[in-house]
Amino acid sequence: MESFLTRPKRKFTPEPPQSAEPEESTEIKLALLSSLHPKLDQEILLDILLAHDGSVSDATASLRVPSPIKKGRRGIGYQKSLMQYAAPSNAMSLTKKKRKPKKGSTLHLYDPGDVAEYTPCTIVHDFLPPEEANELLKELLEESKSYEKITFKLFENVVSSPHTSSFYVESYDEIRRQKTEYHYNGASLTDVRRITPRLARVKPKVQDAVNKEVQERIKTRYSGGKKLRYQPPDPWIPNAAFVNCYTGPQQNVGWHSDRLTYLGPRAVIGSLSLGVAREFRVRRVIPKDSDNRATEDPDAEGQISIHLPHNSLLVMHAEMQEEWKHCISAALSIDPHPIAGTARINITYRDYRANMHPRFTPKCTCEMPCVLLVVQRKKENLGRYFWMCHASNVPEKESCGFFRWAEFDDDGNPLPSKAISKPS
Ligand SMILES: O=C(O)CCC(=O)C(=O)O
Ligand SMILES: [Fe+2]
């Protein structure tokens, strides 16, 4: 959740080595643009951003003139499965012949089989007994009345995230630790709450379901039926939850990957949706050679839209944060939910790993714990993790330019890092 608020690096930030990647990616610019123009659809904003050679300020300037909304676009709809388009006699051929979304297009997925087939996620519909889901939704709608938008500074403007959120942990001690020891975008969280009784009751169910889905994924999808490199072999135990609230169709979250700083490599996230159905869009990050401009269009492989109805559990698997981006796109229309009206609540349960506590991770020259990032775009060093000064992402803060490759064992445990290498 936290990483969509990262901002473009300012001019005086030292460049990381050539082998790492720059921070000002298109999705970050898109997230910023979307924060400034929350009423506009992300696809339209992406077009405008690309038309202005990736300049957020030029794109923003052009938006002072109202832009036409594309006609004939689809809102959230209902469709059972892509399998319905296959003839019964050769139903399997559809799954065997994987259909990729094309450049600029969106493949809409509703069926759990399709989601597992086309994306690094699995989905469980009707996850909780209906009454339990409704009670949890009511509890969190009440809680969300006091959630706040995260505000941040962009150029000379103060902008806010286009939705509200809060963070829940298991004890008062943990609240204190979160407020004093952990950092998000260079600041401490101010709104950290004790897990509510209903969130606590649902947690073991999410834990069991996620662990089952992870085992199934490894068995059926990963090469040799073995976990991925850097994926922890031990069970996933959620100990924190971000709760997001989207009060209306225009509230959204821009393209991002979730930060791995406290979750470690190959993080798995369990995401429970309640209330209004919304589209969770995903797209693979396409690595490029340094001279390959053709793949700079982030939409080159198209997008996949996973439709998240009330009471569905989405598992983001170990390949998701490193290799894919996701967002909740603004909707043109929604079907009101009988309890939530136009609102959607989303809970992302996360496993904050003890060995990724900031006391164990490198500090930069400004004496702040670093952020953990991964090379996603450049083919050179693709998938390598690195630590960077947190201030690279914080406006009004000067980065010390700290950079160090992060080393992990095969199970994702951090290894003592070697020499500090400052970019030249
Ligand atoms: O609302 C959602 O389903 C996703 C939210 C999200 O991506 C996040 O909290 O990181
Ligand atoms: Fe996220």
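How many bridges join strand E15 to E16, and do they run parallel or antiparallel? In this predicted model, strand E15 (residues 385-388) and E16 are joined by 3 bridges and run antiparallel. One pairing to look for is Phe 386, whose bridge partner in E16 is Trp 405.

These two strands belong to an open sheet of 3 strands, ordered E14-E15-E16, with antiparallel pairing. Strand E14 (371-374) and strand E16 (403-405) are the edge strands, and each pairs on one side only. On average, neighbouring strands here are turned by 30° against each other, direction ignored.

## The chain as a whole

Now step back for a moment. The protein chain has 424 residues, and 43% of them count as buried. Its secondary structure comes to 9 helices and 16 strands.

## The five-stranded sheet

Another open sheet has 5 strands, in the order E1-E10-E9-E12-E7, and its pairing is mixed. Strand E1 (106-109) and strand E7 (253-256) sit at the edges with a single partner strand each, so one side of each has no neighbour in the sheet. Neighbouring strands of this sheet are turned by 20° against each other on average, again ignoring direction. As a general point, strands of a sheet pair through backbone hydrogen bonds, in either a parallel or an antiparallel way.

E1 and E10 run parallel and are joined by 4 bridges, with Leu 109 having Ile 306 of E10 as its bridge partner. E10 and E9 pair in the antiparallel sense over 5 bridges, and here Phe 280 stands opposite Ile 306 in E10. Next, strand E9 (residues 278-284) meets strand E12 (residues 324-328) through 5 bridges, and this pair runs antiparallel. In that pairing, Arg 283 stands opposite Lys 325 in E12.

## A strand covered on both faces

## Two nonpolar cores

Ile 306 turns up again in the largest nonpolar core, which has 77 residues. It is one of the members that touch the most others, along with Cys 121, Val 268, Leu 313, Leu 314, Ile 345 and Met 388. Leaving aside neighbours within four places in sequence, Leu 314 is in contact with Cys 121, Ile 123, Ser 271, Ser 273, Phe 280, Ile 306 and Leu 308.

There is also a second, separate core of 5 residues, including Leu 32, Leu 33, Leu 45 and Val 56. In soluble globular proteins, nonpolar side chains tend to be buried together.

Helix H6 (residues 130-144) has 15 residues, and its first and last C-alpha are 21 Å apart, close to the 21 Å expected at 1.5 Å a residue.

Which residues of H6 are buried? They are Ala 133, Leu 136, Leu 137, Leu 140 and Ser 144. Seen down the axis of H6, the buried residues fall within an arc of 105°, so they line one face of the helix. On the other side, Glu 131 and Glu 142 are exposed. An α-helix has 3.6 residues a turn, so residues three or four places apart point the same way.

Technical notes
Residues numbered from 1 in each chain as written. Chains lettered and ligands numbered in written order. Predicted model: local features only at pLDDT ≥ 70, side-chain atom pairs only at ≥ 80, totals over all residues. Pairing = 2+ DSSP bridges. Axes fitted to C-alpha atoms, helices over the stretch in contact; angles between N-to-C directions. Buried ≥ 20, exposed ≤ 12 C-beta atoms within 10 Å, placed from the backbone. Expected span 1.5 Å × (residues − 1). Arc of directions from axis to C-beta. Core = buried A, V, L, I, M, F, W, Y, C linked by C-beta atoms within 7 Å. Contact = placed C-beta atoms within 7 Å.
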